[in-house]
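This report goes through a structure part by part. Please look over the sequence and the model before reading on.

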Amino acid sequence: MLTLLREEVSRSHDRALGIMDFRYAPIALGDTVTWLTKLQVLARSHGVKKIEVLISVPPYGWLSQYVTSYNYVEAVQNILPAFLCAPMMSSLRVYSSPTNAASAQRILGSLLARAPSWPSLFSHFRRNLDYQSHFKINEFFRRHQWIPKLASPKGFRAETEAFKKTHIGGRTPVVINIRQSALTGTPATLMRDSPADVWHEFLVRAQKLWPSVVFVLVGDFSAWERRIGLLPNVLVPRVFGYGLGHELTLLLDGSPFFGSSSGFAAVATFSDVPYCITRFQYGASGYMKGMGFSHGSDHYPFAAANQWLSWVPETVDLLVDLFARLWNICRPAERWRQ
Amino acid sequence: MTIFGAVTAGYSRYRAIRNRFLFSFVPYLVSLPRRCVRPVALFCVGFTRTIRHGLRNSVRDQSTSIRLGHKVINNPGDLARFAVKLANRCGIGDLQQDTSLDVILLADSEADISGYVLVPYLRARFFNIHAVYDAAELDALLATLGGADAVAGLRSDLSQSGDPVPLDSKAIGPPRLPAFFMNEAREFMKSHDWSARYCAISPVSGTFLAGWIKALCQLAETYPNWRFLPLGLNAFVTERSVLPSNIVVPGRAGIGFLTQLAIAMQADAFLGVADVYGICSTLTGVPTTLLAEDTRPAAVALLEECPHVRRALAHAPLADELAMLLDRADATVDNASAPATGEFVSA
């Protein structure tokens, strides 16, 4: 009689279950990739090689300030490619129903199999998700001296290569993200926004200083100013119909990242690409402490030598200095690649 | 210490204790239900509900749910094939509130599945998607979804990959996208020129630049009230190139995939290949001309009895085809079958 449940239990033994329940989890790129990395860390800690991502999209009962029963599908559409960045993912299940009966069967299977899950089922039932902190990641790094990284999402490589061929040509792409939440329809934590004037001036100067570089401006379509998009050394993939999946592919396939502390910075954090994250927030350091990381630390504990953070507010000179440092690191690799 | 000093000190101490009580202890007491009772209550409700729903789902009659299997291949026409299979399986009015839709995807490792997760919104608001990347995973997944009878149909669905899928007559009927996308599409067209008529275009891959712009420019004088909306990634011309004023590319305004589907459904005419946009306009009843590509076999086989759809070859003279289409669309000014609004969900 309970054959399906028995099958669910036996299927749960060799995998970790990641539950992203949008009744309480935030829909944001940075939080999603941090969640995904923690899920991979959990799976590795328990010695399992597969993860299963369960996304629960209830059609109503939303708690978020901006996501409602009217626009939730758009939010899902925008964030979906981020879930495809986990190389350990063996299956993806999206449940959208009022009762969540089918997802309950899956979770019950995991509960009975005592399989690892993130968040833990105890936390999931309490709708309590630690989506920000790096404590578990730091702890895993302390034990193993490595962490599982993100990879480019499946299915976007061919179109991204076409974008590079058509629009970038022989220039070197550098992915930039200027946090401008105030320009969007869902403004949040505006103190983390970067000054557009400073970035515009930096990009104008960069035309002369680094003529072979093209800055690929990624992020929400509304989150950039027209004057920045009009610069000849700036490309915005979204005006050519490309989306988050293509931007993530471009970034995770090795283009250096330079930008403010936001969602794309979190993607770079959990990858092998060279990066410099500007305007890192003092408030955020509390969530990331451990392994010697504190206010003003240059690197995350698990970062490579070519991955670092800047804590001071951006000025044009600071951006020029930071980018010169990043460029000096990337240039030998670019030469070799060419 | 003077008496005055003692009174002052005593009063200060009293104020300190009172403030600690008022601003620390009272808020703590007030927050106790939130801090303690709420998590416990949530845990009890969540745990009980998971057990109840999980057990009920595993013993329920699996034949009440609609199931669709699809093998996702890295091919531009495959999403259209999936949309037609979905429309055939979930005809208009088939999905009731208590019927669940399960979509099982066996994906090629190089295929993008995000479109497949979104396309079911054309037919249903409540559904479950199960995507796996290899056959062993699929077997384990199917075992959790039903008995041998229920799974047999799915296996047959999943074994078909590149064959053209015929469109059933019962599938014809306006898809129901969420209201958000229908509204965004309508506002896009209204804000550009509310009084114009719009022809959605899904170009043949790689042929847009030269031939299409020339054909659309030729038509600008004959049909001054028409605007053309190229959809999808093939719509993009080179960076910052100047387009004639009667061509508007929605993707350049940050319009996403589902809103572009809504544009195909709400436009006054459609010209293009039988991709997912073409299928949407066909299902909706928009006057449509579908172009068959020489280089690719058709993903879908359309009904003969679709009066609003005309088939043409991709290398046919574009200006002539467009002129015929716009004349047909002008003859049917009132597109009665197009949905005026999207679907709302209320608790």
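## Terms and basis

A crossing of two helices is called left-handed if the near helix is turned anticlockwise from the far one by less than a right angle, and right-handed if clockwise. Helices (H or I, at least four residues) and strands (E, at least two) are DSSP runs, numbered from the N terminus.

This is a predicted model, in which local features need pLDDT of at least 70 and side-chain atom pairs count only at pLDDT 80 or more, while totals for chains, interfaces and linings use all residues. Residues are numbered from 1 along each chain as its sequence is written, chains are lettered from A and ligands numbered from 1 in the order in which they are written, and side-chain values use heavy atoms, with hydrogens and water left out.

## Chain B in outline

Chain B has 10 helices and 10 strands. Of its 347 residues, 51% count as buried; buried means under 20% relative accessible area, exposed over 50%, and partly exposed in between (1.4 Å probe, protein chains only). Contact means heavy atoms within 4.5 Å. Among contacts in chain B between residues at least 6 apart in sequence, 71% join residues at least 24 apart.

## A helix pair in chain B

Helix α8(B) covers residues 257–266 and helix α9(B) covers residues 276–284; their axes come within 8 Å and cross at roughly 40°. Axes are lines fitted to C-alpha atoms, for helices over the stretch in contact, and angles run from 0 to 180 degrees between N-to-C directions. Angles under 35 degrees count as roughly parallel, over 145 as roughly antiparallel, 65 to 115 as roughly perpendicular and the rest as oblique. The two helices, α8(B) and α9(B), are therefore oblique to each other.

The crossing of α8(B) past α9(B) is right-handed. On the α8(B) side the contact is made by Phe257(B), Gln260(B), Leu261(B), Ala264(B) and Met265(B), and on the α9(B) side by Val276(B), Tyr277(B), Cys280(B), Ser281(B) and Thr284(B). By class, the residues of this contact are 7 nonpolar, 3 polar and no charged. Here Ala, Val, Leu, Ile, Met, Phe, Trp, Tyr, Cys and Pro count as nonpolar, Asp, Glu, Lys and Arg as charged, and the others, Gly among them, as polar.

An open sheet of 7 strands runs in the order β4(A)-β1(A)-β2(A)-β3(A)-β3(B)-β2(B)-β1(B), with mixed pairing. Its edge strands, each pairing on one side only, are β4 (117–118) of chain A and β1 (66–72) of chain B. Two strands pair if DSSP finds at least two bridges between them. Helix α2 (residues 78–89) of chain B packs on the sheet and touches β1 and β2 (101–107) of chain B; the direction of α2(B) makes about 165° with that of β1(B).

Where do the chains join in this sheet? Strand β3(A) is linked to strand β3 (residues 127–132) of chain B by 6 bridges, and the two run antiparallel. Arg93(A) stands opposite His130(B), and Ser96(A) has Phe127(B) as its bridge partner. Toward β2 (residues 50–56) of chain A, β3(A) has 6 bridges in the parallel sense, with Ser56(A) opposite Tyr95(A). In β3 (residues 89–96) of chain A, 8 of the 8 residues are buried, so the strand is largely enclosed by the rest of the structure.

## A parallel sheet in chain A

Chain A also has an open sheet of 6 strands in the order β7-β6-β5-β8-β9-β10, with parallel pairing. The edge strands are β7 (234–235) and β10 (307–309) of chain A. Within the sheet, β5(A) (residues 172–177) and β6(A) (residues 213–217) pair over 5 bridges; Val174(A) has Phe215(A) as its partner in β6(A).

Ser261(A) lies in the loop between β8 (257–260) and α11 (263–269) of chain A. Ser261(A) is buried, with a relative accessible area of 13%. Beyond its neighbours within four places in sequence, Ser261(A) is in contact with Arg179(A), Arg192(A), Ile277(A), Thr278(A), Arg279(A) and Phe280(A).

## Helix α10 of chain A

Is helix α10(A) enclosed or open? In α10(A) (residues 244–252), 9 of the 9 residues are buried, so the helix is largely enclosed by the rest of the structure. Just after α10(A), Gly254(A) takes a positive phi of about 125°.

Helix α7 (residues 157–168) of chain A packs against α10(A) at an angle of about 75°, with the axes 9 Å apart. That makes α7(A) roughly perpendicular to α10(A). Arg157(A), Glu159(A), Thr160(A), Phe163(A) and Lys164(A) in α7(A) meet His246(A), Thr249(A) and Leu250(A) in α10(A). This contact has 2 nonpolar, 3 polar and 3 charged residues.
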